[in-house]
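Please open the model in a viewer and keep the selection tool at hand.

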Amino acid sequence: MKFETRAIHDGQEADLKTGAVVIPIYQTSTYQQEAIGKHRGYEYSRTGNPTRTALETALASLEEGKYGLAFASGVAATNTVFSLLKTGDHIIAGDDMYGGTYRILERVFKKWGISMSYADVDYLSSFEKAIQENTKLIWIETPTNPLLKIIDIERISEIARKYNILLAVDNTFASPYFQRPLLLGADIVVHSTTKYIAGHSDIVGGAIILNDQKLYSELKYYQNTAGAVPGPLDSWLALRGLKTLAIRMKAHAENALYLAKYLSKHHKVEHVYYPGLDSDNNYMVARKQMSGFSGMLSFKLKGDRSAVDRFFANLKLFTLAESLGGVESLISYPALMTHASIPREERIKRGITDNFIRVSAGIENKSDLKNDLSSAFKYV
Ligand SMILES: *Cc1c(COP(=O)(O)O)cnc(C)c1O
């Protein structure tokens, strides 16, 4: 069956007991055992909960993977993948990614004796060059946050396979609707379901999807042992969100392209970052591995920090906020928001300058969005 159908049906059969068409919120911590050890598949809700099972099944289906695991947040999912490593191991990550991923590597895993290198995402060769004898994992995000660069998953996976290294892809920005990394050779897909998958800015959640049974058992063991699981209500909201992922993603991408085109012609804009513009450096690779360009774009305003402040202060529809992927349009300032944990010099070196703005295009009417930007530009 096709994506739109699987989003609505996989893992979501009518409730066996009542016939409820929508999976109930199984708000229970524990389950009756008929005799010691004789249970109906569930013992305790950290280990498993039927609402969460439905979400995990649906997520696996959308990513075309065998197994799904849901977490209390995207970083909890990320943390679980990194927990596959041990002291002495080495990770290679892309040098443009979610600030919190950088933070957990630098502040948590480094002190446990795991080392890391950051490869220049503009050059695939930089990943191969960074490989050491103890490299166990390559971690990439594509499109990257916040520069919207595209990394060729198929080619990175060839490198990883050649050296017997695991490849994990954070697929949050593309969503499974536009990109399925497991089909391109990745071993593990990670999501912040907070973003497009839940899609309504009302929960925090994460997920891991993969095919390898042994790796799945290891990750599932850690999920239960460390316990960063989503509650039944959050699982239910993520599940309710992903039913409409296909139509939402189409609308996000249409609006993002429209705004990217508008911004790239605006005299107060220095540069627009959107892989769906055919003038963008990443356009060809994006076309190869994605079926659409998703809803995130960034741009540099002509001006300094005070111009950015005036611009933000005069927006009415775009909300200044962290996060992305909800139905409402958001605007953010990575330097002091999502990427504040990266030292200033390092951040500027990576291209996140003081006039850099990130946009999550919502699914409002696109002319309304353009008009809102247009009015705010008058104050820049
Ligand atoms: C938000 C985000 C995360 C972290 O997810 P949380 O749900 O906030 O914990 C990880 N990766 C990317 C690309 C993100 O945008």
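**First stop: Thr172**

Select Thr172, which counts as buried at 6% relative accessibility; buried means under 20% relative accessible area, exposed over 50%, and partly exposed in between (1.4 Å probe, protein chains only). This is a predicted model, in which local features need pLDDT of at least 70 and side-chain atom pairs count only at pLDDT 80 or more, while totals for chains, interfaces and linings use all residues. Residues are numbered from 1 along each chain as its sequence is written, and side-chain values use heavy atoms, with hydrogens and water left out.

Thr172 is placed in the loop between strand 5 (166–170) and helix 7 (175–178). Helices (H or I, at least four residues) and strands (E, at least two) are DSSP runs, numbered from the N terminus. Next, display Val190, His191, Ser192, Lys195 and Tyr196, with which Thr172 is in contact when its neighbours within four places in sequence are left aside. Contact means heavy atoms within 4.5 Å.

**Second stop: the ligand**

Select the ligand and its shell. Which residues are the closest to the ligand? They are Val75, Asp170, Ser192, Thr194 and Lys195, in a shell of 14 residues; a residue is counted if one of its heavy atoms lies within 4 Å of the molecule.

- Val75: a backbone N or O atom lies 2.9 Å from an oxygen atom of the ligand.
- Ser192: a polar side-chain atom lies 2.8 Å from an oxygen atom of the ligand.
- Lys195: a polar side-chain atom lies 2.8 Å from an oxygen atom of the ligand.

Of the 380 Å² of accessible area that the ligand has on its own, the protein covers 92%; the areas come from the Shrake-Rupley method with a 1.4 Å probe. Colouring the shell by class gives five nonpolar, six polar and three charged residues. Here Ala, Val, Leu, Ile, Met, Phe, Trp, Tyr, Cys and Pro count as nonpolar, Asp, Glu, Lys and Arg as charged, and the others, Gly among them, as polar.

The structure holds 17 salt bridges, each defined as a side-chain nitrogen of Lys or Arg within 4 Å of a carboxyl oxygen of Asp or Glu. Side chains of opposite charge can pair when their charged atoms come close.

Begin with Lys136 and Asp89, whose side chains meet in a salt bridge (3.0 Å, N to O). This pair links distant parts of the chain, 47 residues apart: Lys136 is in strand 4, and Asp89 in the loop between helix 3 (74–82) and strand 2 (90–94). Lys136 counts as partly exposed at 33% relative accessibility, whereas Asp89 counts as buried at 4%.

Move to Lys149 and Asp122, whose side chains form a salt bridge at 3.1 Å, N to O. Lys149 lies in the loop between strand 4 and helix 6 and Asp122 in the loop between strand 3 and helix 5, so the pair ties together parts that are 27 residues apart in sequence. Lys149 is buried, with a relative accessible area of 18%, while Asp122 is partly exposed at 45%.

Then select Lys366 and Glu254, joined by a salt bridge between their side chains (2.8 Å, N to O). Lys366 lies in helix 14 (residues 366–377) and Glu254 in helix 10 (residues 245–264), so this pair ties together parts that are 112 residues apart in sequence. Finally, show Arg6, Glu64 and Arg180, which are linked in a network of salt bridges.

Select Asp152, in the loop between strand 4 (135–141) and helix 6 (153–162). Is Asp152 buried or exposed? Asp152 is buried, with a relative accessible area of 7%. Its side chain reaches the backbone nitrogen of Arg155 at 3.2 Å. Beyond its neighbours within four places in sequence, Asp152 is in contact with Leu124, Val285, Lys288 and Gln289.

**Last stop: helix 9**

Select residues 232–242, which form helix 9; eight of its 11 residues are buried, so helix 9 is largely enclosed by the rest of the structure. Among the buried residues are Trp236, Leu237 and Leu239. To see what the buried residues of helix 9 pack against, show helix 1 (3–9), helix 2 (50–62) and helix 10.

Definitions and conventions. A polar contact is a pair of N or O atoms within 3.5 Å; within protein, one must be able to donate a hydrogen and the other to accept it, and residues adjacent in sequence count only if both atoms are side-chain atoms.
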